[in-house]
Amino acid sequence: MHMNDLYLLSSLKLASGISIKNRLFLSSIGLDLANHSGECSDELINFYKKIIDGGVGMIKIGNSTVSPFSHLHERGLALYELKHAQALKPIFEYAHEKNALVVVQLQHYGAQGSSKYTGCPLLSPSGQFCQKMKKKFPEDSVIAMSSNDIETVIEEFAHSAWLVQQAGGKAIQIQAANGYLISSFLSPYTNKRVDDYGGTPQKRSLILIKIIKAIQAKTNNNLSIFVRLGIDDCFDNGEGQKPEYLQEVIRDLEQLNIDGIECSMCVGETFHRFLSGYHQDIKDRIFSGASIIKSFTTKIPVGCTGLVSSIADAEELLQRYKIDYIGMSRALFADPRLLPKFFENSKVNACRFDGFCFQDKSNPKLDQVYCCVNPDYLRDPQTKYE
């Protein structure tokens, strides 16, 4: 197949004026390889350089916490001091040379974080603990946020975005999916508030809208903003977030001229469904949901990620679900050269989608995430999972 035959390789023009060379991106992946003070390490820089060399149009640098009071992993990225942003400069500069867009994901872990590294209670809309995290960190406590807490978090996101801009970054993504703080406000499963921040989909999204406005004000509307949006909590009992609840939220986001929505699904209690192998029904569910979100907007590019296994798979999904861009995380972690190998017709290190890389994150015997097939990150065969 010739390059010109792939819709995946066509360019995408964003509202901010940025043009992305193709529609394939690295979705956020928490490798937890930062330095102990939260700065991007040489290991991480080299990882992202290899992904950029593979020809993707955009990379998302995952899970940069906006707050010293919100952490999950000892070597997780941080982004609340200037030194944290400056440590990302080599990636910004390298991506600029290779015509790739770097998007820094801003994260607040909320009730899916841990007090282990902060000594502080976890923040949530309504004081509800994630059941998975409660089993993992039973000594942690969760509090319902006051209006002052909410204003503080809004300012933390704006400050982190400003730091990215100061270091020469062009784009950020707000993590509003997967059960983390902003996602927990958006979902009726975790948001039981009866004030301005709860009760209807639009009220539940108010914190997200305020964060975007605060970022735009702090950066003089000169920073590209993406949102990773949780569209489905993936419960089967009717609980939680669903794509159809988000129509008015999408219209509000349209008014803010953001550059893209990346659809994601699952929260702490349901994430095992995504990580326990390759399940076609789960893949169909997330892409069908993204197609619903796409039907709500003619203005915002809509992307999606989830169990995308190959370049041919990415192309087929783009065409079938009529979305604008598509992400991979595990498949590109397994082989950053998926795109050139597709045209070379050479053998790839294909992801097995066994979820062992995610289990590495919780393994106290390991210091980082490993892979079953990538020789640069190969897991010790002595490390075994069920």
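Reply: Start with a definition: buried means under 20% relative accessible area, exposed over 50%, and partly exposed in between (1.4 Å probe, protein chains only). This is a predicted model, where local features need pLDDT of at least 70, side-chain atom pairs count only at pLDDT 80 or more, and totals for chains, interfaces and linings use all residues. Residues are numbered from 1 along each chain as its sequence is written, and side-chain values use heavy atoms, without hydrogens and water.

Me: Which residues of helix 9 are buried?

Reply: In helix 9 (residues 247-254), they are V249, I250, L253 and E254. Helices here are DSSP runs of H or I with at least four residues, strands are runs of E with at least two, and both are numbered from the N terminus.

Me: What makes these buried residues line one face of helix 9?

Reply: Seen down the axis of helix 9, they fall within an arc of 145 degrees, so they line one face. The arc is taken from the directions from the helix axis to the C-beta atoms. Their cover includes helix 8 (206-218) and helix 11 (280-295).

Me: Why is the pair of F185 and Y197 called edge-to-face?

Reply: Rings of Phe, Tyr and Trp (its six-membered ring) pair if their centres lie within 6.5 Å; planes under 30 degrees apart are stacked, over 60 edge-to-face, the rest tilted. The centres of F185 and Y197 are 6.4 Å apart and the planes stand at 75 degrees, so the pair is edge-to-face. Both residues are buried.

Me: Why is the pair of F356 and Y385 called tilted?

Reply: Their ring centres are 5.4 Å apart and their planes lie at 45 degrees, so the pair is tilted. F356 is in helix 15 (residues 356-360), and Y385 follows in the segment after helix 15, 29 residues apart.

Me: Why does Y385 count as buried?

Reply: Y385 has 19% relative accessibility, so it counts as buried.

Me: And why does R337 count as partly exposed?

Reply: R337 has 37% relative accessibility, so it counts as partly exposed.

Me: What makes the link between R337 and E344 a polar contact?

Reply: A polar contact is a pair of N or O atoms within 3.5 Å; within protein, one must be able to donate a hydrogen and the other to accept it, and residues adjacent in sequence count only if both atoms are side-chain atoms. The side chains of R337 and E344 make such a contact at 3.0 Å.

Definitions and conventions:
Contact means heavy atoms within 4.5 Å.
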